[in-house]
Amino acid sequence: MPTHLESAKLNKVAEMAKGFIIAAPHSGSGKTTVTLGLLRALKRRDVGSGPAKAGPDFIDPAFHTIASGTECVNLDPWAMRPSLVGGLANLQSDKGLLVVEAMMGLFDGATDGSGSAADLAESLNLPIVLVVDAAKQSHSIAALVSGFRDFRKGLRFAGVILNRVGSPRHEAMMREALGAISVPVLGSIPRDDGLVLPSRHLGLVQAGEHADIEQFMEHAADVMDLHVDIDCLLEQQVDLPAKAQFAGIAPPAQNISVARDEAFAFMYPHLLQGWREQGASLSFFSPLADEAPDDRSEFIYLPGGYPELHSGKLAANRIFFDGLTDAKERGAFLYGECGGYMVLGEGLVDASGTRHSMAGLLPLVTSFEKRKLNLGYRLTTSLTDFPLASKGTLLSAHEFHYSTVVSQADSGSLFEIADARGDKLGNCGLRRGSVAGSYMHLIDHR
């Protein structure tokens, strides 16, 4: 039998993992492309990886999943309790090298300044790989990188990947400047139009919509293999928090039906995973394919996505809408988030101004014709008892949409909301009997 000290040492070894976080000084530096290329390069080497995305993002994780062949999760240091972040990180590290893509700039977080990728890196002891867009600088890169390296104590810097390098001479100047401040250069990626992904109003076009996604992934992997020191990255050590069972939001029912297709693709994997681990049974259906939810389901979940891009097709799908009505009539609870909320309403006005009839289960009409950005973390307090939360429960959430409410009747609000600083923003969402929804994407308990 090992002594207590020996057991402690064994546990410490068990907590060790390999991984890093790919960050940048600002959005648009190329960290998503670098992450995807590295994930696919690791897959081609038969090196397992556990991809993760920092913050509240739905689109990048889908690309990560395709690149790696392993489902990506979100690690959100603002919206998730530390136990949930640590539990998810450990689960991903069990799959192989923990590869985390940061959000925005390294020190950018919520409006109160917390929840940045730097916070995540520090809490998980992750080495930082800084991707720098070098297109319009040379020796000045040393001032930029030293500022990020030295701005906050307690962070571990593995090195820098130079992106969009113009020439060998350009690269040599930057390597010289970074060498003078003892910063390792882990890669130097030349300008390459083949590493650009198309985007739309909520970010990148979804992974499943790319006909040539495999060609893109393979090209990105070729570039990383040629220009990045992957062997050095494979040696980055992470001392993760002790393993623990994570429990997010409790399952709303035993049998849950989830809408899932290109119009309803924005759902957090940790929610579904947590519901399964807590004993719920999940089934999936495609509204775009005119499918109805499983008639045994007690809870119907319509997540966010891009229903505004498919509103005409959705409006014609009577099996889908009749299935929602039938589920309501047999006593199931229907819940919609963001895009799902819009579809539960009476109508959706598309970008051309055409109104399309929706489910008609909530007294709500929304429009994508007149766009207004609504973005940010939210603190949501439930104003009623419903399957996801009892009255008064405080949950973290994220709001990100351009659609607006044209009209709504007062059938009872679902949440009282505040921003990340705690400033009250009023009430949101609607509930009518066993149907409810809002623009909030729920993430975790507070």
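Which residues are buried in α12? In this predicted model, the buried residues of the helix are Phe320, Phe321, Gly323, Leu324 and Ala327. Seen down the axis of α12, these residues fall within an arc of 155°, so they line one face of the helix. Their packing partners are β12 (281-285), β13 (299-302), α11 (311-315), β14 (333-337), α13 (339-344) and β16 (355-357). Helix α12 itself covers residues 318-329. Its 12 residues should span 16 Å at 1.5 Å a residue, and the end C-alpha atoms are 16 Å apart, which agrees. Gly331 follows α12 and has a positive phi, near 105°.

Helix α10 (residues 269-277) also has a set of buried residues: Pro269, His270, Leu271, Leu272, Gly274 and Trp275. Strands and a helix contribute to their cover, which includes β3 (73-75), α4 (82-93), β11 (255-259), β12, β13 and β25 (441-445). Gly279 comes after α10. The phi of Gly279 is positive, near 100°.

Helix α8 was examined next. The helix has 15 residues and reaches 21 Å from its first C-alpha to its last. That is close to the 21 Å expected at 1.5 Å a residue. Ile213, Phe216, Met217, Ala220, Ala221, Val223 and Met224 are its buried residues. They cover an arc of only 160° around the axis, which puts them on the same side of α8. The face turned away from this buried side carries Gln215 and Leu226, both exposed. The buried residues pack against α2, α3 (59-68), β7 (185-190) and α9 (230-233).

Two helix pairs involve α8. Two packed helices are described by the angle between their axes and the distance between the axes. For α2 (residues 31-44) and α8 (residues 213-227), the axes come within 7 Å and cross at roughly 85°. Helix α2 is therefore roughly perpendicular to α8. On the α2 side, the contact uses Thr33, Val34, Leu36, Gly37, Leu38, Arg40, Ala41 and Arg44. These meet Glu214, Phe216, Met217, Glu218, Ala220, Ala221, Asp222, Met224 and Asp225 in α8. By class, the contact of α2 with α8 holds 9 nonpolar, 2 polar and 6 charged residues.

The second pair is α3 with α8. Here the axes come within 10 Å and cross at roughly 75°. The two helices are therefore roughly perpendicular to each other. Phe63, Ile66 and Ala67 of α3 make the contact with Ile213, Glu214 and Met217 of α8. This contact of α3 with α8 comprises 5 nonpolar residues, no polar residues and 1 charged residue. Met217 takes part in the contact with α2, and also in the contact with α3. Glu214 likewise meets α2 and belongs to the contact with α3.

Individual positions were then considered. His398 lies in strand β19 (residues 394-401). With a relative accessibility of 7%, His398 counts as buried. Leaving aside residues up to four places away in sequence, His398 touches Pro56, Tyr268, Leu375, Gly376, Tyr377, Tyr439, Met440, His441 and Ile443. One of these, Tyr439, is 41 residues from His398 along the chain. The C-alpha atoms of His398 and Tyr439 are separated by 8.6 Å.

Ser93 lies in helix α4. Beyond residues up to four places away in sequence, Ser93 touches Ala17, Leu98 and Leu240. Ser93 and Val238 are 145 residues apart in sequence, yet their C-alpha atoms are 9.5 Å apart in space.

Two loop residues have positive phi values without being glycine. Asp46 has a phi of about 60°. Asp46 sits in the loop between α2 and β2 (49-54). Its relative accessibility is 74%, so Asp46 counts as exposed. Ser182 has a positive phi near 60°. Ser182 is placed in the loop between α7 (168-179) and β7. Ser182 is exposed as well, with a relative accessible area of 64%.

Definitions and conventions. Residues are numbered from 1 along each chain as its sequence is written. This is a predicted model: local features need pLDDT of at least 70, side-chain atom pairs count only at pLDDT 80 or more; totals for chains, interfaces and linings use all residues. Side-chain values use heavy atoms; hydrogens and water are left out. Helices (H or I, at least four residues) and strands (E, at least two) are DSSP runs, numbered from the N terminus. Buried means under 20% relative accessible area, exposed over 50%, partly exposed in between (1.4 Å probe, protein chains only). Contact means heavy atoms within 4.5 Å. Axes are lines fitted to C-alpha atoms, for helices over the stretch in contact, and angles run from 0 to 180 degrees between N-to-C directions. Angles under 35 degrees count as roughly parallel, over 145 as roughly antiparallel, 65 to 115 as roughly perpendicular and the rest as oblique. Ala, Val, Leu, Ile, Met, Phe, Trp, Tyr, Cys and Pro count as nonpolar, Asp, Glu, Lys and Arg as charged, and the others, Gly among them, as polar. The expected span of a helix is 1.5 Å times one less than its number of residues. The arc is that of the directions from the helix axis to the C-beta atoms.
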